[in-house]
Amino acid sequence: MDFRLSRYRNLTVLLIVIAAQLLLLAYQVKSNKDLHAVRSLSVGAIAPVAQLVEGLRAGTVGFFKDYFVLLNAREENRRLRDEVTKLKLENQFLKNELSTADRARALAVFTQRTPSRTIGARVIANATSANSKVVFVDRGSDEGVRPGMAVVTPDGIAGKVIAAYRNASQVMLITDATFAAGVISEKHRVHGALRGQGHGTLIVDYVPTELKVEVGERFYTSGDDRIFPKGLPVGEVKVVRAGRAYKEIFIAPYGLLGGLEELLIILEGVHQPLPAAETTQVSYHLQTLPPDAAQSKQAGAKVLMTDADRVRAQFRRGGAPVPGERGPAAQTARPETGGNTVQAAEAPEIPGQQ
Amino acid sequence: MNEFSERLIQVPRKGSAFSFGPVALIVVPLVAILYQVYVSKFFEFLAFLDLPLLVTVYFSIMQRSPVAGLFTGGLIGLVQDSLSHQPLGILGIVKTLVGYFAASASLRFDISNPAVRFILGFFFFVFHHFLYWILVQALLGQDAAFAVGRVLLMALLNAVVAIPFFTLLDKLRVRG
């Protein structure tokens with residue numbers, strides 16, 4: 001009897017605890033509110049320890065690097081004179097210093113170059129949930145970081161801030177399966193939605209099959225998502241496949257190429273123009289006009305006119321400049337008769353124009 | 001039933017539960033969580049090791065109290081939730097159930113036997129990940145893949161690590 005009571009008691013406690021957590025979960029999902037205070041407590045406890053351990057690690061790694069460099073130098077000392085060895089050590093030390101400073105310098109250069117206001121941050125820990133690509137950085141709301149801010153590296157976009165605590169923030173990386181951002185292709189200006197997949201490759205969704213995207217083409221942020229400023233590099237197309245309604249576009253991201261230690265959080269984003277697309281200079285061959293048409297054109301015979309041509313003619317008669325019309329140089333370059341070659345980018349010839 | 005199976009499955013004697021000092025009960029789970037958030041950042045190959053889960057299983061089976069087990073698991077899970085981007089409660093529920101069932105199982109098995117520890121470590125790893133996958137899909141509506149082969153391999157590795165890890169944690173126990 002005692003055993004039975006004990007079993008029911010255990011079950012009752014289990015059901016109560018599970019029900020309480022389900023209610024907690026339901027509240028968050030239903031109200032779309034986060035229990036920030038609870039998370040702040042955990043992050044507040046973990047972040048300083050993580051920062052301390054990270055500091056210790058960086059110091060220890062630096063010490064051992066120097067130690068091994070020194071050991072190597074001692075071996076060389078047996079063969080070389082003291083002065084040369086000393087110089088080599090110095091050289092080695094400076095090289096190490098330079099390599100460690102490289103990332104910081106790249107960030108600094110990017111910070112100067114970009115019109116957006118940014119703040120540098122260091123990754124201090126990973127998040128706990130399975131299969132997620134979320135990290136903690138050592139900048140928090142005290143430094144002005146807010147949820148929804150874009151996170152980038154000098155190479156490209158890296159993620160977005162999803163929670164900001166006093167001394168740390170949570171950043172969802174672009175590779176996370178729930179990540180999404182608006183993107184646009186460089187060459188054909190095709191808009192799409194970038195999505196993470198939980199691993200290194202990203203996909204661009206919602207690109208209709210009839211639009212053109214090429215392998216090797218670069219994608220940039222479009223600014224549509226109100227998180228990333230327009231014009232930041234995203235990645236390069238590796239695979240394009242035709243799907244049912246939409247293309248399947250796989251992208252190798254640029255932003256995480258240089259590892260994941262230092263990041264930049266964009267505090268105030270400024271949209272940038274997209275780089276000029278490399279337009280293909282396709283030449284078209286125009287066949288000569290039929291003899292009767294060429295003769296009538298030379299004789300100034302009346303040809304079919306559109307409403308636009310009539311308005312244009314009125315402008316000319318009045319002596320006013322025609323809106324949108326090119327200068328005389330452009331007109332003289334236009335072929336009249338004979339086989340000619342024109343650039344595809346030029347305006348088409350208007351029938352009846354003299 | 002031979003002697004070996006009798007040794008594995010035995011009705012526990014009264015007073016065979018172990019208790020732990022408050023420092024061990026607080027510090028060990030915190031270190032396990034810190035390991036998960038920090039060490040995996042530098043050594044990605046060590047990310048397979050789910051120390052918070054092993055700690056939950058260990059404390060649950062050693063205390064041999066389903067109520068203590070479910071609270072231990074629930075608290076560790078909630079702290080993990082608060083450090084993730086998921087809503088609070090997913091890992092809490094999963095680890096509550098892990099703690100409860102691990103403690104219940106410990107009432108039937110000789111938990112000091114390494115083979116039992118290996119089997120429990122393996123089973124609860126698979127159970128944990130399967131339940132997590134179910135809850136994420138059912139409650140959050142997220143599309144998540146359950147890679148059976150990968151989970152089984154990771155469960156095996158965790159079970160292997162569980163044997164020396166539990167032996168190490170045995171040093172912290174105080175007979176109740």
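The questions and answers below go through parts of a predicted model.

Residues are numbered from 1 along each chain as its sequence is written, while chains are lettered from A and ligands numbered from 1 in the order in which they are written. In this predicted model, local features need pLDDT of at least 70 and side-chain atom pairs count only at pLDDT 80 or more, whereas totals for chains, interfaces and linings use all residues.

Reader: In what order do the elements of chain B run from the N terminus on?

Author: Helices (H or I, at least four residues) and strands (E, at least two) are DSSP runs, numbered from the N terminus. Chain B has seven helices and two strands. From the N terminus on, the order is α-β-α-α-α-α-α-α-β.

Reader: Is W133(B) buried, exposed or partly exposed?

Author: W133(B) sits in helix α6 of chain B. A residue is buried if 20 or more other C-beta atoms lie within 10 Å of its own, exposed if 12 or fewer, and partly exposed in between, with C-beta atoms placed from the backbone. Because W133(B) has 19 C-beta neighbours inside 10 Å, the class of W133(B) is partly exposed.

Reader: How many residues of chain A are in contact with chain B?

Author: Two residues are in contact if their C-beta atoms, placed from the backbone, lie within 7 Å. On the chain B side, 31 residues are in contact with chain A. The elements of chain B that give two or more residues to this side are α2 (22–42), α4 (66–82), α5 (90–106) and α6 (114–140). In chain A, the number of residues in contact with chain B is 34.

Reader: At what angle do the axes of α3(B) and α5(B) cross?

Author: Axes are lines fitted to C-alpha atoms, for helices over the stretch in contact, and angles run from 0 to 180 degrees between N-to-C directions. Residues of the contact include L53(B) and V57(B) of α3(B), and V98(B) and A102(B) of α5(B). The axes of helix α3 (residues 51–63) of chain B and α5(B) come within 7 Å. Their crossing angle is roughly 40 degrees.

Reader: Which residue in β11(A) stands opposite V204(A)?

Author: Two strands pair if DSSP finds at least two bridges between them. Strand β8 (residues 202–205) of chain A has V204(A) on its covered face, and three bridges join β8(A) to the antiparallel strand β11 (residues 247–253) of chain A. V204(A) is also the bridge partner of L194(A). In β11(A), the residue opposite V204(A) is I249(A).
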